[in-house]
Amino acid sequence: MGKTRLNGEFFDKELMKILRNQGGPSVEHRTLDAKESTVDDKELELAKEEKGILDEEKELLKNAKKGSGKKGGGSDDETEIPAKRLDTFRIFMFLVIIGCAGGVLVAGNSIVQTTLVICAGILFIAEPYLAPFLKDKLKILGKPETVITIFKVILLIGIIFIGDQGTQVIVLGLAAGVFLLLPSAPGLFRRIKNHAQKAPDWKDSGGSMGSLLFKFAIAIAVDVADFFIGRIPIVGTGFDIIQTFIGYKLWGGTGLISGWEIIDITDQLDGFVPSLTILGFFSIVQHGFKPKPKEGKQGININLRQPGSVLVKIIVVIFFIAILLVGGLAAMPAHLYGGEGVLARASRTVSTSVVKSAAWIKDNNPITLIANWIDKRIAIASGSFYEGTVEENKDLPLGVYLKDLKPADPQFWEDEEIIVWATLEAMTIEKPVNITVSCTADGVFADNITPSRKFNISSYEQQLLECKFNKETVLNKVKNGAKNVRFNANYNFETMSYLKTYFMDTERMRSMRRQNLNPLDEFGITDKYPIAIFTNGPLKIGMETLRELPIGVPSDLVSQREVVTIGVTLENRWKGRITKINSLEIQLPDSLDINHCDHPFTAAKKAEEAGYNKYELDFTKLDARKKAKLENITTYQTFRCWIDVKDRTSLLGKDPISTKYIRLTADYDYQSYETTTIYIKKIEKGSGTTGGAGSLYQKGCCAKESTKCTKLQSDCTGTSFWSAEMYCTASDSAKNGQCTSCTDICNTQTQCPSSSVKLVDYGWCCESSKCETGSLSSCPIPAVSEQFDVTAGSNCLTDERISQILTAANSPAKDAYAAFNRYAIQYGIRSDVALAFFNKESTYGTAGVAVETKSIGNVKYSGRCIGKKMTVNGVDWCGHDTWEQGIQDWFDLIKNIYVGQTFKVKTVETIVPIYCPAGPPDYCDVQGYIKNIRDYVSGYQTP
Amino acid sequence: MKMLIPFGLILLALLLITGCQNQNDFMGVNVFTGTEGLVSEFMVNSPPLQVYEGGELQVGVIARNRGIHDIEKGFIVATIEKDYMEFVEGDGKVAIKVVGKSIYNTRGDEIYEIFKVKAKKLETQSRIHETNVAVTSCYDYQTWATPVVCVDPDIYNVNTENKPCNIQDVEMDSQGSPVAVTKVEVKMLPSADVIKPAFKIYVQNKGGGHVIDKNRIDAVCGSGSLDYRDWNTVYVRAVLANTDLNCRPSPLRLEHEEDFVMCSLDAGLPKATVAYSTLLNIFLDYGYTSTISSKVTIEKEVLP
């Protein structure tokens, strides 16, 4: 036969030869209708095994068809859909869609939507096989192309509109749509692919297998970084651009495909897709393992399209499905949202994602996690981290747990109250636990928590908490947008730990070891390297003896009393922090005695148990730095003690080997927290039943004429609408909530009565049309994402409030309360910030060196000091005769050194790293410090 | 009558045969074999695997003397974690005497010791605590080996005929004690006018415990200091034809896989002495100790 019939066309065998020369020994295509194929079946099988030519062939053949003036056959019966093979690019895109589906699910969208995304991926990959199926089996539905296109459109609509909304979905839907429609737009598809193939590929650059592995290592590293860094909004997009460039360098033109991640402006999806690694894999599939062989040499070219490669493909697919499953398990099923447009939904989802991501990153900051991990490894390697294991009561949920945080609604209007529920579960065995619960939305405290803010638990209790933010609080403090709602549970707790040690006469031990006898083996002791066992709870107490066991006890205690050193590590186990160590007690057998510790322990008067001596950490002898290190512990703290033998006979008894226990009990305050994200919708100006966009209305429920308005939205009638822009004057508000004229005043919280009154809660006086300086409105507390300017306000708290705080803390500076506002106004620095620093540094002057120096900020001595040099514990401090002077000195320091010319910084976020640096000499937890300041300032606003 | 004579002869022969049987064997049991001394084991469920806090338990020990030596001086001491348990009676240490195996008592005597112990209260927040109970026995012991050796002063083998025996090493396995004589090498050392018989006696600890100095038994089962010489020390005495040999080193210290002591008859034998076979009585005196242990879990009776 001189000619071969392909797709209803006849080609010269000469053309086939050309094709063979270009791509392989055999070029065959079959029509979908096998009956019409004139190609020998064996040749077809051979053709299936050829690599890298079929797509080009198809294009050539299609071009040839176009050239012949025929399109896809002349009639329906002869309609032939090109048999698209399961090419690598198609598989890649399928995996991308699957990965994105995982991201969608993790981002909080629904399973329905995720399923639709997966369906899109499956349709994409199955399309070549679906078409003939439709043609053969479901002719009644019409043309296969039409049916498939209808399917695609339905899926696309489903993804975008039936799902749970948001930019992620829109982006994903569009991306899916592009790829779904690609087969219908062959020109675009071909151009992209041709461009990628024309670009130099990895093997053209030469290199060895080693360099290939190196490239893979880089690809994997970049993908891992993309998972963490790439999910930070905006930063992620920048990272995607860099990643695309790296992809090009690694894999040539194929690597450019990783640029698809730039499209995901939310940066929440593409992080789940390890594009560079996949592309590397497919690049190898496409071009073989070996770099371009040198002329005359034939390298071994492993073709992953061979049957063996199927396994590899399956592994890759399973990998992505695993990601999907993990993501799915971690995801919270989303809730349905009502009545908003696509753009509004997109905006909300983006902001919610950003807030959620920020909260997640804050809790799981990979850099911090890695730094902490490395820090811990170094500590372990250097012998300054001591292990422990939880006692057998590990199954008992000792401690306080916050669970099942759930907002009453995933989104609220800014004029309605916010309700968030949580379950508090607490269990203790010995000491009662006093729990104080608080709830904040972006740092603003809730108005009410039911059934109570405080609980006293003596055994086990479970409470359903309801945290409520009033309408006014939402409107004026929390404000609209995505907000993190955080439940805090502050409580006291006690953790006990004990460490087993073995003692033996030194000479006996030596004599046994000389005979190659292990003393512990000889007495059937299997626990040869005991570590501390501690009771369950948020604190881990690790203890180890720093000598090999058993510990030898010399007969001559005069020349050698100190026999053992124990190391103790206090480590935070839970999500939260150890806010304060209240007491630390070491119990030693009465035959032992503490020689010294690197923290001051003193003998207590009476031990709880006979045969034991108790030693307590003496906080009064603890210097400020060490004391600070025992507060707000988010990682761990370590100390050591050196132990003497006091009574050898009692210690060893009559036994060949004596087992003794060293016990440690810590009483501490802990703060657990859990967070959830809500979205507060802004009420659009003029969006009521009347009025139009751009109109100016007063705050309140205003009639159409906008001359009369009430305060609450609930007052609105069918003919009025809600506006939140302006406020009634004080005099007006006295008239039963009805305004006659609307002008803005400084009081945004409460309607003032007709006469002047001092609002203690917020610290300003309000007259009919005048507000005195120092109102709360001039002391905003910015969101966590914003910088906290210490110069934005001055006398932010009333004198009464400051006095109340200092008195409650039993501060020695309580009589100097008025100095805070006085110097705040004089220096232009916020008084509430000063008070927060005072709390942080010395618990309002009750602890540490401040007791002696009367410095509210533990300020070291310098030429600037308003006061005198005072040396305590070998450090020169700026000391004062009176607390007033100490308060002034702090304001002076901040104003003239920090805000002023020396540092030129004026926010808490920039001041603290200088004030209390993370490095020497202070080694502060800078982020913790900043957070403390913010928390304290927020707390001052809640009486 | 004629019939009675052969019957009587047969009976006499039987008596003779029976009378000449090895004294060590009785009813086919050789008591002078084995490598065990005092073998201790806990009684069933004593101590129990678990006990509630505040509850009492018994640590019961069965000690069987599976060797041939009668223990005249020995101790059994129970070691407990005194932070979590206490003895109800006594201090956990008792003196013992246990008769060993003999042809009349082929299994050896056994004694029963019970230590009454009380579990203390656990810490408030603890649910369980696993503690170790160990029982150590320390006792004196002796190994008696009686190899038959050939003493032949004719070291140049001048007289090749009519020698009743030839010099050869004697391999041995065990003698019913944890420390065994495993081999005796016989040597005839020429001196000026005499020949000195010498015996290289190999000694090995084949038991499951440790050899201690017989004079430090009390200390080993106590908490006092020990010297390295208190471990693996064996006093060796060898007697050849009622004459004590001179053994070096003395005492012998077992520090290797095979340790040996050289015992010689310093007075020597005349070179003209005719070769003869004789028993070499070897006595090894030592102390011996071994420990058994068990875990006891103390549990809170009522969970909070």
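How many salt bridges are counted between chain B and chain A? The count is three, where a salt bridge is a side-chain nitrogen of Lys or Arg within 4 Å of a carboxyl oxygen of Asp or Glu. One salt bridge is formed by A:D655 with B:K82, whose closest N and O atoms are 2.5 Å apart.

The model is predicted, so that local features need pLDDT of at least 70 and side-chain atom pairs count only at pLDDT 80 or more, while totals for chains, interfaces and linings use all residues. Residues are numbered from 1 along each chain as its sequence is written, chains are lettered from A and ligands numbered from 1 in the order in which they are written, and side-chain values use heavy atoms, with hydrogens and water left out.

**The interface between the chains**

In contact terms (heavy atoms within 4.5 Å), 39 residues of chain B meet 39 residues of chain A. The size of an interface is often given as the accessible area lost when the parts come together. Between chain B and chain A the buried area is about 3,400 Å², and carbon and sulfur atoms give 47% of that area; buried area here is the accessible area, with a 1.4 Å probe, that two parts lose on being put together, summed over both.

A:Q515 is one residue of chain A that touches chain B: leaving aside neighbours within four places in sequence, A:Q515 is in contact with B:Y228, B:W231, B:N232, B:R253 and B:E255. A:Q515 lies in the loop between α16 (506–514) and α17 (519–522) of chain A, helices being DSSP runs of H or I with at least four residues and strands runs of E with at least two, numbered from the N terminus. With a relative accessible area of 10%, A:Q515 is buried, the classes being buried under 20%, exposed over 50% and partly exposed in between, for a 1.4 Å probe and protein chains only.

**Nonpolar cores and a surface patch**

In soluble globular proteins, nonpolar side chains tend to be buried together. A nonpolar core is taken as a set of buried Ala, Val, Leu, Ile, Met, Phe, Trp, Tyr and Cys residues joined through side-chain atoms within 4.5 Å. The largest such core has 93 residues, and those with the most contacts inside it are A:I435, A:F487, A:I586 and A:F601. Strand β12 of chain A, residues 481–505, gives the most to this core, with nine residues. A second, separate core has 62 residues and includes A:Y612 together with B:L38, B:Y141 and B:L240. Residues that A:I586 touches, apart from those up to four places away in sequence, include A:I594, A:F601, A:Y615, A:F639 and A:L664, as well as A:N613, A:K614 and A:R663.

Helix α9 of chain A, residues 209–228, supplies the largest share of the patch, three residues. A:F228 belongs to helix α9, and A:F228 counts as partly exposed at 31% relative accessibility.

**Chain B**

Chain B has two helices and 22 strands, and 49% of its 304 residues count as buried. Among the contacts in chain B with a separation of 6 or more, 73% are between residues 24 or more positions apart. The accessible surface of chain B comes to about 15,100 Å², of which 53% belongs to carbon and sulfur atoms, as given by the Shrake-Rupley method with a 1.4 Å probe. B:T106, in the loop between β8 (93–98) and β9 (110–119), is 75 residues from B:V31 in sequence and 6.2 Å from B:V31 in space, C-alpha to C-alpha.

**Backbone features in loops**

| Residue | Phi | Relative accessible area |
|---|---|---|
| A:N858 | near 45° | 11%, buried |
| A:K904 | near 55° | 57%, exposed |

A:N858 lies in the loop between α24 (850–853) and β29 (868–872) of chain A, and A:K904 in the loop between α25 (883–899) and α26 (908–915) of chain A. The peptide bond from A:L549 to A:P550 is cis, with omega near 0°, and A:P550 lies in the loop between β14 (539–545) and β15 (551–553). In chain B, a cis peptide bond with omega of about -5° joins B:R248 and B:P249, and B:P249 lies in the loop between β18 (246–248) and β19 (252–253).
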